[in-house]
Amino acid sequence: IILVYSSTEFLNLNADNTTVMYSVRISGVSANYAANVKVGDTVTDADGHKLGIVASDVEIEPHAVYKYQTDDYDNGSIVKITHPELVDIIITVTATAKKSDAGFTVDGKRIAVEAEYELVFPGFESKGVCVSLSEEIANDGGAAK
């Protein structure tokens, strides 16, 4: 297999700097971990990429699990149950990114919806999935593009 790159793509010369805001959902953690993430904390990944700064307070949602249950007549169905001890947390991050035809990269790491990231915060580390991503435009008063 032969890969061909244009010199401008390889050197990222076509990329423009912009500001992005993205949210990552971390599922099934103790609610205590939400308190370990503060606005202004630096977000990195396990490889040391600096992925931005926590932009807002952590959102906490109930963590759902699904269980197969049968009734008295052996009729079964899958039911959604809220886990009594675990929560899902959503962390919103802002970062300076390079924008190119391939999308957004932050410190060399591509940021994309539905991608999984191993995030490291002071006092907390976990895997999460990107659930939203927007480019912040100063001329639009910070509205998503």
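Is Lys 99 buried, exposed or partly exposed? I looked this up and noted that Lys 99 is partly exposed, because its relative accessible area is 27%, where buried means under 20% relative accessible area, exposed over 50% and partly exposed in between, with a 1.4 Å probe and protein chains only.

**Ground rules.** I am working with a predicted model, in which local features need pLDDT of at least 70 and side-chain atom pairs count only at pLDDT 80 or more, while totals for chains, interfaces and linings use all residues. I number residues from 1 along each chain as its sequence is written, and I take side-chain values from heavy atoms, with hydrogens and water left out.

**Overall layout.** I find 1 helix and 9 strands in the chain, these being DSSP runs numbered from the N terminus (helices are H or I with at least four residues, strands are E with at least two). Along the sequence I read the pattern α-β-β-β-β-β-β-β-β-β, and buried residues make up 30% of the 145 residues.

**Strand pairing.** I count two strands as paired if DSSP finds at least two bridges between them. Strand E1 (residues 16-30) pairs with E5 in the antiparallel sense over 13 bridges, and Ser 30 has Leu 86 in E5 as its bridge partner. E1 also runs antiparallel to E9, joined by 7 bridges, and here Thr 19 stands opposite Glu 136.

**Salt bridges.** My rule asks for a side-chain nitrogen of Lys or Arg within 4 Å of a carboxyl oxygen of Asp or Glu, and by it the count comes to 4 salt bridges. The side chains of Glu 61 and Arg 25 meet in one of them, at 2.8 Å from N to O; because Glu 61 lies in strand E4 and Arg 25 in strand E1, the pair ties together parts that are 36 residues apart in sequence. Asp 88 also forms a salt bridge with Arg 25, with the closest N and O atoms 3.6 Å apart, and this pair links strand E5 to strand E1 across 63 residues. I therefore record Asp 88 as buried, at 8% relative accessibility, and Arg 25 as partly exposed, at 25%. Arg 25, Glu 61 and Asp 88 are linked in a network of salt bridges.

Returning to Lys 99, I see a salt bridge with Glu 135, the closest N and O atoms being 3.1 Å apart, which links strand E5 to strand E9. Glu 135 counts as buried, at 9% relative accessibility.

**Nonpolar core.** Which residues have the most contacts inside the largest nonpolar core? I noted Tyr 22, Ile 26, Ile 89, Ile 91 and Phe 121, in a core of 26 residues, a core being a set of buried Ala, Val, Leu, Ile, Met, Phe, Trp, Tyr and Cys residues joined through side-chain atoms within 4.5 Å. The largest share of this core, 6 residues, comes from E5.

**Two loop residues.** I checked phi because most residues other than glycine have a negative value. Asp 74, in the loop between E4 and strand E5 (76-100), has a positive phi near 60 degrees and counts as exposed at 65% relative accessibility. Asp 107, in the loop between strand E6 (103-106) and strand E7 (109-111), has a positive phi of about 50 degrees and counts as partly exposed at 44%.
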